[in-house]
Amino acid sequence: MIVLNPKNISDFLDRYKKILLFSFLGLLVVSLAMIIFIENDYYQGVSFKIMFIHVPAAWLSLMFFGIMGTVSIIGLVFKSPTSFTIARAISPIGLLMSLTVLFTGSIWGYLTWGAFWVWDARLTSMLILTFIYLGHFLVLNSFEHFQKSDFAAAILAVIGLVNLPVVKFSVNWWTTLHQGASVFKIGGPSLSGIYLLTLMISFFCVLTLCMYWITNIFITIIEKRRYERMRLFDE
Amino acid sequence: MLNVSHLSFARGNKLVLKDINLSIHNSEVLVIKGSNGIGKSTFLSCIAGFLEPLEGTVEYFSKSIDPTISAKNFIFVGEENFAYEDLSILDNIYYWLSLNCVSPNQKSIHRSMEYLFGRIDVNKKFHQLSYGQKRKMRMLLLLLINKPVWILDDPFNGLDDETISKLIKIISMKRDQHGMIIMASHIIPHIKNMKEFELS
Amino acid sequence: MINNFLLLLSKEFKLMLMKSTQSFILFCFIIIASSIFGLALRYIQIDNKISMTVIWILLFLTVITKVEKVYLEDFSDPKIQQYMLSPFALELIVLIKNFMIYLNLVIFFLITSPIVFLTLSIDFDIFWQINILAALSLLSLVFISSITASIANSKSNRLAITSVVTLPLFIPILIFSIGAIDMDLGNINSYLFFLAYFLLNLAFSPLLTSFALKKLSM
């Protein structure tokens with residue numbers, strides 16, 4: 001029988017994080033090769049290839065916030081410290097992803113629209129999501145005792161979950177400058193063949209990298225807590 | 001009967017209480033002794049259910065303490081003042097009585113005030129009282145709200161000799177009415193049926 | 001029990017009236033700030049929307065300050081201990097206090113709004129519409145600020161993070177308020193968002209606030 005406690009989870013992750021690292025490296029080689037050799041877009045030229053980092057980062061930032069929110073609710077309801085540790089591990093990576101989206105999006109926007117920033121619905125709601133990630137990260141490190149930070153940050157993550165559907169559906173609800181959904185929409189993806197395949201491969205590439213980082217952070221936190229707790233009862 | 005078994009409490013990474021076992025029965029007075037900073041207030045907060053212990057349980061008549069049980073059975077009088085400074089004495093009494101679902105009875109309020117204070121203007125603002133008078137006001141809560149368990153944190157601090165003897169009389173009366181009194185104190189009063197527990 | 005609850009409400013109301021000095025000073029800040037803004041841009045034609053944005057931001061700062069101040073006094077450690085031992089849930093107490101803060105702020109806003117509108121040269125024919133918008137926004141603002149005030153007021157908190165954390169949740173209110181001026185202000189649909197946002201906050205805020213107060217203050 002497998003018992004899910006922090007020690008077992010971190011031992012399991014320790015053994016399998018090498019698999020994550022190697023799959024990331026493999027996918028990186030494949031996706032870079034596909035991106036370099038894929039045909040340029042008729043209108044945008046080379047610059048459209050920013051899509052292959054911009055779109056996966058966007059999907060991941062939303063996904064990670066959803067996971068963070070769900071795990072925070074589980075932690076608050078079932079009083080499980082491991083759930084809070086998972087949220088603590090995801091927080092900086094999610095923040096990094098949302099900053100990547102804004103940064104790459106600004107560059108792509110300048111090359112395509114001529115403006116680094118416009119106040120349209122998709123960009124504004126993504127900015128709000130970044131602020132919530134930032135607030136979550138600050139709160140996690142603002143209390144003297146980590147248990148209190150975990151509670152406070154979990155409360156914030158739950159409130160921030162409300163913003164998630166706003167970001168996803170902002171292009172449908174308001175008329176925006178930003179492009180509408182091309183992959184996750186009713187009627188299936190409107191990207192064809194090789195572009196869709198490249199996008200998916202680059203998505204999994206970035207996903208494995210983020211999972212590797214999150215796994216490392218998670219294991220570090222668990223080991224540190226275990227060491228401190230052992231010291232607690234030795235004194 | 002209040003049963004504390006294997007209670008440990010840690011604040012962050014510092015262990016404050018380690019493996020405490022004791023039990024208190026009705027009609028008993030328990031005095032918790034210990035040097036400054038040993039964790040007496042923390043221990044009382046754990047018993048009252050304000051803090052979640054690291055390990056161990058606190059049980060009241062074999063039921064684990066939860067907010068319903070503690071709201072129904074415990075009165076907690078801590079070291080710090082909880083009254084509203086801007087409200088008058090009478091308004092404060094009405095507020096804290098109505099919060100505990102006790103209908104204010106003018107006669108019993110005035111009788112208790114007379115017993116503890118003698119003559120005092122009840123319309124005085126709370127912030128105009130002296131330090132000792134503010135501490136005496138908390139004893140009013142004990143007289144007017146009827147709950148079986150009293151948890152008192154350093155109740156004799158700041159009181160004059162007359163009030164200390166009145167408080168000892170009040171505690172003895174509660175003990176005779178089958179109440180349970182747990183207090184942390186440096187002054188050990190002479191009360192019948194009193195147990196002492198040293199936190200180390 | 002009902003009688004005790006009504007007595008509690010009356011004493012909370014009295015407490016709220018006594019804290020009016022705080023609100024008066026905060027609204028003096030709003031009047032002075034809006035006057036400075038109007039004075040600085042006196043030769044430029046400012047749109048209703050710009051003026052409304054200024055008012056909304058000033059209101060945001062006022063609400064955060066007021067709620068944090070009230071929570072610092074009213075939810076100190078010994079008071080939370082007494083509230084936890086009361087038959088009334090802490091969520092109910094939080095709800096009552098939030099409504100009292102709201103009443104206080106809304107009355108002061110209605111009194112000072114003519115002066116503020118004058119200094120910012122807002123048309124007086126949309127006077128009541130903007131007041132209703134402000135009243136509805138204040139509802140959600142107070143409830144959002146209560147969550148962040150309860151997190152920020154904890155004794156072991158080392159950073160002053162309230163505004164950073166409240167800001168993202170305030171942005172939808174700002175967007176929809178300014179958007180409401182574009183839409184027809186006579187249409188009820190412009191105001192429905194605020195009602196929805198308030199109901200959402202009403203559902204979550206007392207729970208999360210009392211949870212934060214219990215876990216983070218002790």
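**Figure 1. Phe50(B), a buried residue in a loop of chain B.** In this predicted model, Phe50(B) has 21 other C-beta atoms within 10 Å. Because a residue counts as buried once 20 or more such atoms lie within that distance, Phe50(B) is classed as buried. To find Phe50(B), look in the loop that links helix 1 (40–48) with strand 4 (55–60) of chain B. Which residues does Phe50(B) touch, once its neighbours within four places in sequence are left aside? They are Ser45(B) from chain B, together with Gln81(C), Met84(C) and Met218(C) from chain C. For a sense of scale, pick out Val29(B) as well: Phe50(B) and Val29(B) are 21 residues apart in sequence, and their C-alpha atoms are 21 Å apart in space.

**Figure 2. Where chain B meets chain C.** Here 24 residues of chain B are in contact with 20 residues of chain C. On the chain B side, helix 2 (67–73), strand 6 (74–77) and helix 3 (89–99) each supply at least two residues. Helix 3 of chain B gives the largest share of that side, with 6 residues. Sorted by class, the side of chain B that touches chain C has 14 nonpolar, 7 polar and 3 charged residues.

**Figure 3. Helix 4 and helix 5 of chain B cross each other.** Follow helix 4 (residues 106–117) and helix 5 (residues 131–144) of chain B to the place where their axes come within 10 Å. The two axes cross at roughly 135°, which means that helix 4 of chain B is oblique to helix 5 of chain B. The crossing of these two helices is right-handed. From helix 4 of chain B, the contact is made by Ser108(B), Ile109(B), Ser112(B), Leu116(B) and Phe117(B). Helix 5 of chain B brings Lys136(B), Met139(B), Leu140(B), Leu143(B) and Leu144(B). By class, the contact has 7 nonpolar, 2 polar and 1 charged residues.

**Figure 4. Chain A, with its 7 helices and 0 strands.** From the N terminus on, the elements of chain A run α-α-α-α-α-α-α. Of the 235 residues in chain A, 34% are buried. Among contacts in chain A with a separation of 6 or more, 77% join residues 24 or more positions apart.

**Figure 5. Confidence along chain A.** The average pLDDT of chain A is 84, and 86% of the residues score at least 70.

Conventions. Residues numbered from 1 in each chain as written. Chains lettered and ligands numbered in written order. Predicted model: local features only at pLDDT ≥ 70, side-chain atom pairs only at ≥ 80, totals over all residues. pLDDT = per-residue confidence, 0-100. Contact = placed C-beta atoms within 7 Å. Helix = DSSP H or I, 4+ residues; strand = E, 2+ residues; numbered from the N terminus. Nonpolar A, V, L, I, M, F, W, Y, C, P; charged D, E, K, R; others polar. Buried ≥ 20, exposed ≤ 12 C-beta atoms within 10 Å, placed from the backbone. Axes fitted to C-alpha atoms, helices over the stretch in contact; angles between N-to-C directions. Parallel < 35°, antiparallel > 145°, perpendicular 65-115°, else oblique. Left-handed = near helix turned anticlockwise from the far one by under 90°.
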